[in-house]
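Dear colleague,

Please find below the structure I am handing over to you, with its sequence. My notes on it follow directly after.

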Amino acid sequence: MLRVLQIVRLSSRCSSSFVSRMRFLNGLKQNDDVCSAALQDAHMFLFHRLSPLLQRNHQGTFRTAELRTSDVQSLLENLGSDRTLLQEAVLIGCTEQNQAQFCLDIGGLDQTAAEELCGGTFVDLRKSFFLLSGAEAPLVAKAQALLRWHQTSGFCSATGQPTHRNQAGSQRTCSSSGIIYYPKMSPVVIVLVSDGERCLLGRQATFPRGLYSALAGFCDMGETLEETLSREVAEEVGLEVQSFSFSSSQHWPFPQSSFMMACHASVSPAHSQLCVDHSELEDARWFSQQEVLSALQTPPHRGGRAPPSPWLPPKHAVAHRLITEWIQNTRS
Ligand SMILES: NC(=O)C1=CN([C@@H]2O[C@H](COP(=O)(O)OP(=O)(O)OC[C@H]3O[C@@H](n4cnc5c(N)ncnc54)[C@H](OP(=O)(O)O)[C@@H]3O)[C@@H](O)[C@H]2O)C=CC1
Ligand SMILES: [Mg+2]
């Protein structure tokens with residue numbers, strides 16, 4: 001109890017609300033009692049088999065359902081489940097007012113009945129990610145990634161014995177060896193290559209028809225960011241990168257959790273002849289500024305024939321950011 005009070009005092013003493021929130025969250029991860037107390041009156045993001053619960057408002061836009069712990073307790077009772085399921089909630093963040101945010105997957109319960117009781121729909125993550133706006137999309141992606149990690153990390157890979165989570169769900173410990181496991185992400189470099197006039201976009205055979213994006217690749221063990229970047233560009237399109245600059249990063253939930261590090265890179269115009277590895281990419285092409293500008297204005301393409309201009313990644317994707325940055329940089 002003393003530790004609970006210390007954490008609450010430590011976070012309330014901070015002058016910066018950001019520092020206060022970070023200290024508060026760290027306290028919840030470190031102390032199960034503090035976290036249990038916070039779970040009693042928290043914001044809850046509900047999932048069913050890893051699909052988040054969304055509600056449509058009067059303007060037709062989607063939001064995550066705003067539920068509190070007490071709402072979820074009533075829901076569980078109405079669905080014939082006991083309240084112990086609530087203990088499986090995973091901490092994902094906190095509001096500006098230091099109110100903890102948790103997520104919970106009720107995949108074992110009746111989906112239709114839950115949707116009726118909550119007045120919402122469980123929507124596949126890929127679709128939800130692009131229906132939601134602002135800070136909600138990354139929060140939902142983070143929640144799903146953590147829930148998926150818990151669902152697939154029940155046993156220790158060294159001993160085969162069960163692992164047990166802490167209350168926040170930020171780690172799991174092997175009951176036999178004491179090995180601690182943390183949620184896993186794969187580092188990925190994503191790079192928009194330019195020859196000064198044009199930018200290079202490619203597509204994999206599995207991409208939706210017409211979609212072109214920046215080149216991306218997983219980091220090999222022991223590689224630096226710059227080594228992955230140079231290797232991927234060489235492997236996929238046969239070019240040698242001259243220089244690069246870091247832009248930004250993003251957690252990407254599809255198909256498994258990746259940590260995307262986004263960069264711009266340049267190649268010499270004299271050595272810009274592409275030699276595409278078709279086992280990795282179906283196509284890669286140089287695009288002019290004008291082609292990219294008109295593609296940015298093309299609405300998302302839905303099925304049917306390929307659109308006349310390439311279809312670019314949507315706004316939430318860091319590839320979109322790289323492309324808009326390139327346009328701004330080449331125009332200024
Ligand atoms: N947010 C964004 O804007 C964008 C995100 N992306 C994401 O970037 C990621 C990487 O891009 P991609 O071009 O596919 O990567 P790669 O070019 O590295 O090719 C993927 C292949 O790499 C191998 N691989 C190596 N390490 C891993 C790992 N840790 N996890 C999975 N596969 C691995 C696999 O081959 P094998 O099975 O033969 O071993 C896999 O098929 C994708 O998850 C994609 O969703 C891509 C573009 C835009
Ligand atoms: Mg790739």
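Predicted model: local features only at pLDDT ≥ 70, side-chain atom pairs only at ≥ 80, totals over all residues.

Strand 8 and strand 9 (residues 172-174) run antiparallel and are joined by three bridges.

Residues are numbered from 1 along each chain as its sequence is written, chains are lettered from A and ligands numbered from 1 in the order in which they are written, and side-chain values use heavy atoms, with hydrogens and water left out.

Cysteines

Cys 174 is buried at 3% relative accessibility, where buried means under 20% relative accessible area, exposed over 50% and partly exposed in between, for a 1.4 Å probe and protein chains only. Cys 156 is also buried, with a relative accessible area of 3%. The closest cysteine sulfur to that of Cys 156 belongs to Cys 174, at 3.7 Å, which is too far for a bond. With a disulfide taken as a pair of cysteine sulfur atoms within 2.5 Å, the count comes to zero disulfides.

Ala 216 is in strand 13 (residues 215-218) and Glu 236 in helix 8 (residues 225-237), so the pair ties together parts that are 20 residues apart in sequence. Ala 216 is partly exposed, at 30% relative accessibility, whereas Glu 236 is buried, with a relative accessible area of 4%.

A nonpolar core is a set of buried Ala, Val, Leu, Ile, Met, Phe, Trp, Tyr and Cys residues joined through side-chain atoms within 4.5 Å. The largest has 41 residues, and those with the most contacts inside it are Cys 103, Ile 190, Leu 192, Leu 201 and Val 292. Helix 7 (residues 136-151) supplies the largest share of this core, seven residues. Apart from it lies another core, of 31 residues, including Phe 24, Leu 46, Leu 86 and Ala 89.

The buried residues of helix 9 (residues 289-296) are Val 292, Leu 293 and Ala 295. Seen down the helix axis, they fall within an arc of 165°, so they line one face of helix 9; the arc is that of the directions from the helix axis to the C-beta atoms. These buried residues pack against strand 12 (198-203), strand 16 (283-288) and helix 10 (318-331). With contact meaning heavy atoms within 4.5 Å, and residues up to four places away in sequence not counted, Val 292 touches Cys 199, Phe 287, Leu 312, Ile 323, Trp 326 and Ile 327.

Strand 2 (residues 51-56) contains Leu 53, which is buried with a relative accessible area of 3%. Beyond residues up to four places away in sequence, the contacts of Leu 53 include Leu 46, Arg 63, Cys 118 and Phe 122.

- Strand 1 (residues 43-48) pairs with strand 2 in the antiparallel sense over two bridges. In their hairpin, which has two residues between the strands, Arg 49 takes a positive phi near 45°.
- Strand 3 (residues 62-64) pairs with strand 2 in the antiparallel sense over three bridges, with Arg 56 opposite Phe 62. Their hairpin has five residues between the strands, and Gly 60 takes a positive phi near 85° there.
- Strand 7 (residues 121-122) pairs with strand 2 in the antiparallel sense over two bridges; Thr 121 is the bridge partner of Leu 54.

With kind regards

Terms used. Helix = DSSP H or I, 4+ residues; strand = E, 2+ residues; numbered from the N terminus. Pairing = 2+ DSSP bridges.
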